[in-house]
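Subject: Handing over a structure, with notes on what was found

Dear colleague,

I am passing on the structure below, and I would be glad if you opened it beside these notes and followed them residue by residue.

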Amino acid sequence: MNTSTKSSMPWQSPPNWLGETVFIVAGGPSVRDCDLTGLHHRRVIGVNDAFKLGAWVDVCWSSDAHWLSWNQQALLGFPGLILTCAQGTVPAELSLQRIERAKKTFGLSAQDNAICWNNNSGAGAIDVAVHFGAARIVLIGFDMQASNGQ
C-alpha cells in the first residue's frame, strides 16, 4: 500500500450549504432502525462507516488515519467528498481533502481552514457542517451508549 503524509494546500471549507439543514449520520446501532430515504436529496455528512449507506451521502468524514487505511478499498468507489483532519499517514490512492486541526481541540473553530476535532470524528463533523454554512444540524446515530453489545 502506498501511503502519504503529504497534503496539498490546506483545504478551506466553502460555505456550499449556506442556510441549509445538514444531517450528520454516525455509526450508532440506532441507524439500523432508521428509514433514511428522506435524506437521499438532502445535505448529508457520513461519519466513518456511514458513507457505506449509499451514494446519496455527500461527504465522508473521518478524523482517523487508521480508519482511512482500513477502508481504503471501499472508499475508492465513493463518489462524494472524502474529508479528514487525520494526522499521520493516509493512503495516497485516496482522493481526499485534508482540513487542518485548529490549535484548540474543543468547540467550534472560527478559522476557515481548520476545525476543532473534539477528540472524535462525530463531534468534528459538527464543526465541518458549521464550516459548510449549515443553519441547522441534525444528528442521527449518535447513540452515546452501548446497545445490544455494540
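The lining of the second largest pocket has 5 nonpolar, 3 polar and 3 charged residues, where Ala, Val, Leu, Ile, Met, Phe, Trp, Tyr, Cys and Pro count as nonpolar, Asp, Glu, Lys and Arg as charged, and the others, Gly among them, as polar. Of the 11 lining residues, A26, G27, G28, V31 and L53 lie nearest the centre of this pocket, and its space comes to about 160 Å³. A pocket is found on a 1 Å grid over the protein atoms alone, as an open set of points where a 1.4 Å probe fits, with protein on both sides within 12 Å along at least five of seven lines, and lining residues have an atom within 4 Å of a point. The volume is the space filled by probe spheres set on the points, which are joined across faces, edges and corners.

Before going further, please note that this is a predicted model, in which local features need pLDDT of at least 70 and side-chain atom pairs count only at pLDDT 80 or more, while totals for chains, interfaces and linings use all residues. Residues are numbered from 1 along each chain as its sequence is written, and side-chain values use heavy atoms, with hydrogens and water left out.

Next come the charged pairs. Side chains of opposite charge can pair when their charged atoms come close. The structure has 2 salt bridges, a salt bridge being a side-chain nitrogen of Lys or Arg within 4 Å of a carboxyl oxygen of Asp or Glu. One of them joins E20 and R43, at 3.3 Å from N to O, and this pair links distant parts of the chain, since E20 is in the loop between β1 (3–4) and β2 (21–25) and R43 is in strand β3 (residues 43–47), 23 residues apart. Helices (H or I, at least four residues) and strands (E, at least two) are DSSP runs, numbered from the N terminus. D49 and K52 also form a salt bridge, with their closest N and O atoms 3.7 Å apart.

Leaving aside neighbours within four places in sequence, N71 is in contact with both D49 and K52, contact meaning heavy atoms within 4.5 Å. N71 itself is found in the loop between α1 (65–70) and α2 (72–76), and N71 is buried, with a relative accessible area of 10%.

The search of the whole structure also finds 3 aromatic pairs, where rings of Phe, Tyr and Trp (its six-membered ring) pair if their centres lie within 6.5 Å, and planes under 30 degrees apart count as stacked, over 60 as edge-to-face and the rest as tilted. W17 and F132 form a tilted pair, 4.7 Å centre to centre with 40° between the planes, and both W17 and F132 are buried. The rings of F51 and F78 have centres 5.6 Å apart and planes at 80°, so this pair is edge-to-face. F51, W67 and F78 form one aromatic cluster.

Finally, α3 is mostly covered, with 8 of its 11 residues buried.

With best wishes

Methods
Buried means under 20% relative accessible area, exposed over 50%, partly exposed in between (1.4 Å probe, protein chains only).
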